[in-house]
Amino acid sequence: MDINPYAPPQSRLVDESSPEAMRRAMLRHESEIRGVGAMFGLIGAVLLLPALIVGGELVTVKFRGNDFAIWLVILASASSALCLGTGLRRLKPWARVPVAVISGILLVVSIPTVVGPTMNGYVLWLMMSEKGRIVMSPGYQRIVDLTPEVKTRFSIVSILFILFLVLMVLSILVALIAPAFAHRR
């Protein structure tokens, strides 16, 4: 007898019987990863604003101290966030590890806060979990291509994270940019 009726049930993580069943089993995780990609893209877009402002000042005003280095850091951060956001939105495998590393670093740095570790821990889990590995794999890309009728939607969690992130980034930008304009008067 090959089957032991007293053995614990054996289950698979997902149903791989058809591409559509596999996609539907991973749809929520896929949606959350795409939401994180939207957040990274939003951060990159918001960071482009000070990069353009500082870049415009560097062209019109004489260089002072570390202005050029600050501009390069802001520009590199904005372009990296845009690139990673695009990679996550398109479920590119190369974006998973850098986002996990950034989330891990931000998790440790933001420990004194409450929301920071929660958000970054969640993103880290999304990237490094078994479902995250599956969703960000080249094989899953083929499944997405085979099932164009299955659509993802933003979840409430993603929308709340994006709203919180926008408010946080805008408040930081105002705090950083306001003193630069205040000394001109």
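Modeller: Let us start with exposure: a residue is called buried under 20% relative accessible area, exposed over 50%, and partly exposed in between, using a 1.4 Å probe and protein chains only. This is a predicted model, in which local features need pLDDT of at least 70 and side-chain atom pairs count only at pLDDT 80 or more, while totals for chains, interfaces and linings use all residues. Residues are numbered from 1 along each chain as its sequence is written, and side-chain values use heavy atoms, leaving out hydrogens and water.

Colleague: Is Glu 20 buried, exposed or partly exposed?

Modeller: Glu 20 is partly exposed, because its relative accessible area is 33%, and Arg 24 is partly exposed as well, at 48%.

Colleague: Which residue meets Arg 24 in a salt bridge?

Modeller: Side chains of opposite charge can pair when their charged atoms come close. A salt bridge needs a side-chain nitrogen of Lys or Arg within 4 Å of a carboxyl oxygen of Asp or Glu. Here Arg 24 meets Glu 20, at 3.2 Å from N to O.

Colleague: Which residues are linked in a network of salt bridges?

Modeller: The network links Arg 23, Glu 30 and Arg 34: Glu 30 meets Arg 23 at 2.9 Å, N to O, and Arg 34 has its closest N and O atoms 3.0 Å from those of Glu 30. Glu 30 is buried, with a relative accessible area of 0%, and Arg 34 is buried at 16%.
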